[in-house]
Amino acid sequence: MTNPRSKLQEIAIDLTVVAARFSRFQRQNSPNDTTAATWRALSLLEQFGALRVTEFARLDRLSQPAATAVLRRITADGLAESTSDSTDKRAKRVRLTDKGRDFLADLRTDAGDRLIPLFEQLTDEEIEALQVASRAISRMLRAEGSENEGGRSENGPPTS
């Protein structure tokens, strides 16, 4: 009999590998030149709201200088804006602009459109299984605090 813990570990590893490959496939087949760092930055700001550079760096696992560079770039592009921190006037927070939200929505729509041919190869049962799995993963992430209330609903995909 298989150890239930090892089966869960196998599933966790498989999901980690497949999710990375799926994300990489999506980025490699993107018609635009938006970097993975920009995708992540916009997604994090959508999910968590206005963030200090140090908070953003921790969430994206970047050094503070690298986080500053990413946030400066998206701010210069008008996708985010810097605001004063209400708890510390010396500090700044970065938040998405309406343009940034629209841009992120367009990126996701384009990604979804490009992936439709892959999904069309699946059976109805496989599509249903993916929907169930997506909801389950979202629920697990929310339970662990990896998603806040700004993330997608239980019926939608995990924020990416």
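Me: Helices (H or I, at least four residues) and strands (E, at least two) are DSSP runs, numbered from the N terminus. In this predicted model, where is Arg 61 found?

Reply: The model is predicted. Phi of Arg 61 is near 55 degrees, which is a positive value in a residue other than glycine. As for its place, Arg 61 is found in the loop between α3 and α4.

Me: Is Arg 61 buried, partly exposed or exposed?

Reply: The relative accessible area of Arg 61 is 76%. The cut-off for exposed is over 50%. Arg 61 therefore counts as exposed.

Me: Which element supplies the largest share of the largest nonpolar core?

Reply: The largest nonpolar core has 20 residues, and Leu 42, Leu 45, Phe 56, Leu 71 and Ile 74 have the most contacts inside it. At least two residues of this core come from each of α2 (36-48), α3 (53-60), α4 (64-76), β2 (88-96) and α5 (98-119). The largest share is six residues, and the element that supplies them is α2.

Me: Which residues is Leu 45 in contact with, leaving aside its neighbours within four places in sequence?

Reply: Leu 45 is among the residues with the most contacts inside the largest nonpolar core. In soluble globular proteins, nonpolar side chains tend to be buried together. With neighbours within four places set aside, the contacts of Leu 45 are Leu 51, Leu 71, Ile 74, Ala 80, Val 94, Arg 95 and Leu 96.

Me: Is Phe 56 buried or exposed?

Reply: Phe 56 is found in helix α3. Apart from neighbours within four places in sequence, Phe 56 is in contact with Ala 41, Leu 44, Leu 51, Leu 62, Ala 67, Val 70 and Leu 71. Its relative accessibility is 0%, so Phe 56 counts as buried.

Me: How far apart in space are Phe 56 and Thr 68, C-alpha to C-alpha?

Reply: Phe 56 lies in helix α3. In sequence, Phe 56 and Thr 68 are 12 residues apart. In space, their C-alpha to C-alpha distance is 9.0 Å.

Me: Which residues does Thr 38 touch, not counting those up to four places away in sequence?

Reply: Thr 38 lies in helix α2. Thr 38 is buried, with a relative accessible area of 9%. Not counting residues up to four places away, Thr 38 touches Arg 73 and Ile 74.

Me: How much accessible area do the residues of the nonpolar patch on the surface have together?

Reply: The patch is formed by Phe 22, Phe 25, Leu 118, Phe 119 and Leu 130. At least two of its residues come from α1 (4-28), and α5 also supplies at least two. Together the residues of the patch have an accessible area of about 410 Å².

Me: What kind of aromatic pair do Phe 22 and Phe 119 form?

Reply: Phe 22 is partly exposed at 40% relative accessible area, and Phe 119 is partly exposed at 34%. The count of aromatic pairs comes to one. In that pair, Phe 22 and Phe 119 lie 6.4 Å apart centre to centre, with 70 degrees between the planes. Planes over 60 degrees apart count as edge-to-face, so the pair is edge-to-face.

Me: How many residues apart in sequence are the parts that the pair of Phe 22 and Phe 119 ties together?

Reply: Phe 22 and Phe 119 form an edge-to-face pair. Phe 22 lies in helix α1 and Phe 119 in helix α5, so the parts tied together are apart in sequence by 97 residues.

Me: How many residues apart are Glu 46 and Arg 108?

Reply: Glu 46 is partly exposed at 24% relative accessible area, whereas Arg 108 is buried at 15%. Glu 46 forms a salt bridge with Arg 108, with the closest N and O atoms 2.9 Å apart. This pair links distant parts of the chain, Glu 46 in helix α2 and Arg 108 in helix α5, and the separation is 62 residues.

Me: Where does Arg 52 lie, given that its pair with Asp 85 links distant parts of the chain?

Reply: The side chains of Asp 85 and Arg 52 meet in a salt bridge of 2.6 Å, N to O. The pair is 33 residues apart, with Asp 85 in strand β1 (residues 80-85) and Arg 52 in the loop between α2 and α3.

Me: Which residues are linked in a network of salt bridges?

Reply: The count of salt bridges comes to eight. One of them joins Arg 93 and Glu 55, the closest N and O atoms being 3.0 Å apart. That pair links strand β2, which holds Arg 93, with helix α3, which holds Glu 55. The network consists of Arg 52, Glu 55, Asp 85, Asp 88, Arg 90 and Arg 93.

Definitions and conventions
Residues numbered from 1 in each chain as written. Predicted model: local features only at pLDDT ≥ 70, side-chain atom pairs only at ≥ 80, totals over all residues. Heavy atoms only, no water. Core = buried A, V, L, I, M, F, W, Y, C linked by side-chain atoms within 4.5 Å. Buried < 20%, exposed > 50% of the residue type's maximum accessible area, 1.4 Å probe, protein only. Contact = heavy atoms within 4.5 Å. Patch = residues over 30% accessible without salt bridge, like charges linked within 9 Å, V, L, I, M, F, W, Y side chains within 5 Å. Areas by Shrake-Rupley, 256 points an atom, 1.4 Å probe, with all protein chains shown as cover. Salt bridge = Lys/Arg side-chain N within 4 Å of Asp/Glu carboxyl O. Phe/Tyr/Trp six-rings, centres within 6.5 Å; stacked < 30°, edge-to-face > 60°.
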